[in-house]
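Hi everyone, thanks for making the time. Let me put a structure up on the screen, and then we can walk through a few of its features together.

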Amino acid sequence: MVVFVQDGLNPTEKRGAYSLALLFALRMAGLFMLMPVLAVYGQHLQGFSPLWLGFAIGAYGLSQALFQIPMGWLSDRFGRKPIIFLGLAIFTLGSVVAAMADSIHGVALGRALQGMGAIASTVMALAADLSRETQRAKVMAFIGVSIGLAFAASLVLGPVISAVLGLSGLFWLIAGLSILAMLVVQFVVPNAQSVAPKSEVSANSQQMLKLLKHPQLLRLDWGVFTLHLVLTSLFVIIPLRLVGAGLAAADHWAVYLPAVLISFVLMVPMLIIAAKRNQQRGYFIFAIGLLLLANVLLLTEHASIWLLALVLTIFFTGFNYLEASLPALISSLAPPGNKGAALGVFSTSQFLGAFIGGSSAGALYMWTGALAVNLFISVLLLCWIAVSWGMRAQSGIKSYSLTISSADQTASLLKKLQVLPGVVEAVLIASEGTVYLKVKAKEFELNRALDLVRAG
């Protein structure tokens, strides 16, 4: 049986969108606040070195990469909310360990523990459970916006709060935000009343191996790997460059705030124009070029505060565009019924990039200096441009999952669905009782597909 759904978010979907967006904002704010301050305030810790600074920044990414998919599997078995509570508890423990540490090694351990509370995939799965297929993109968009706002606010608040509380106090604050997130889960996030098809939200190991051969998805996996490698590498050296230019750590927000705000103003028109003119690939490569330009400008040995502000504005413009574009491209290019596995590979690539970026930048900075970090980033960005040259973006593509009540005549039903105007691909997963459709939104009529399924 298929039920036609009305347009617009229903009350449960609205509550789920707002509450999960708040949950993500609370969780991510604490992580982002560390990025602009760890390189500066970490110098006062015992055993500090650029190498261990890189490990402290990247350790979170390694444990995230290792635990993201297992935590998602556990949420399939034991429920979303219990695993989210478990992840937040582990994250809180890691924050406390880091807050009590008096050495860079203890901070790195705390960061690794924070990453073991890997709940991103589980929260996304819960968002899918709480939303209908036709409204799921809106719910995910709320969450995406919350992460972007948390990133912008954290770059500004991190230096200000650290100047008052110190690095230890910042970790205690992060632990408090995590406890607040638990209260949001308990009292604000609704319980799932409907369950999205499993393969839309869960990462299956066999499917993941299959997707590793998909050339278009591999380009995007390499892209998110490189993007977060560059981000963590940059924040090993940027805070130190600002201090070297004569700007006190407590005043770094005065550079980050205008840079982030201006980057959003520049980035939004790029997204709109790329979508309207169907030029996603061109603007995608242009955004990578902005990252490369920012990095080349950093090669200046004695950069002024104004030059560093320009570098950050250019960098965040490209970064925010790519950060917004990559998940949308994954969703449009993922084979029907394999979105969960595609996002699993994508998320693992993202967190591995964060780990390798922090650790490799720390090692290069310690052994050869900041110039080697910039050259390393430049080579990777040039490789990314080359890889992205063959990218095939799909615009105006939407996905639907239709529930079938019986497996009878499924072969004939699939053939009828495949020839409907606008259908790009149709896949039947009999074990889930679900037909997945990838369609061109302007040509496809959902009612016709629903009528066929009802008749079948």
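Let's start on the surface. Keep in mind that this is a predicted model. Four residues, Val160, Trp253, Leu257 and Leu261, make up a nonpolar patch there, and together they have about 320 Å² of accessible area. Which helix gives the patch its largest share? That is helix H11, residues 253-276, with three residues. Trp253 is one you can find in H11.

Next, a pair of helices. H12, residues 280-297, packs against H15, residues 370-388, at an angle of about 170°, and their axes are 9 Å apart. An angle over 145 degrees counts as roughly antiparallel, so that is how H12 and H15 run relative to each other. If you'd like to look at the contact itself, the H12 side includes Phe284, Ile288 and Leu292, while the H15 side includes Ile377, Leu381 and Trp384. By type, the residues of this contact are 10 nonpolar, five polar and one charged.

Last, the charges. How many salt bridges does the structure hold? Arg80 and Asp129 bring their side chains together in it, at 2.8 Å from N to O. Arg80 sits in helix H4, residues 80-100, and Asp129 in helix H6, residues 120-129, so this pair ties together parts that are 49 residues apart in sequence.

Methods. Residues numbered from 1 in each chain as written. Predicted model: local features only at pLDDT ≥ 70, side-chain atom pairs only at ≥ 80, totals over all residues. Heavy atoms only, no water. Axes fitted to C-alpha atoms, helices over the stretch in contact; angles between N-to-C directions. Helix = DSSP H or I, 4+ residues; strand = E, 2+ residues; numbered from the N terminus. Parallel < 35°, antiparallel > 145°, perpendicular 65-115°, else oblique. Contact = heavy atoms within 4.5 Å. Nonpolar A, V, L, I, M, F, W, Y, C, P; charged D, E, K, R; others polar. Patch = residues over 30% accessible without salt bridge, like charges linked within 9 Å, V, L, I, M, F, W, Y side chains within 5 Å. Areas by Shrake-Rupley, 256 points an atom, 1.4 Å probe, with all protein chains shown as cover.
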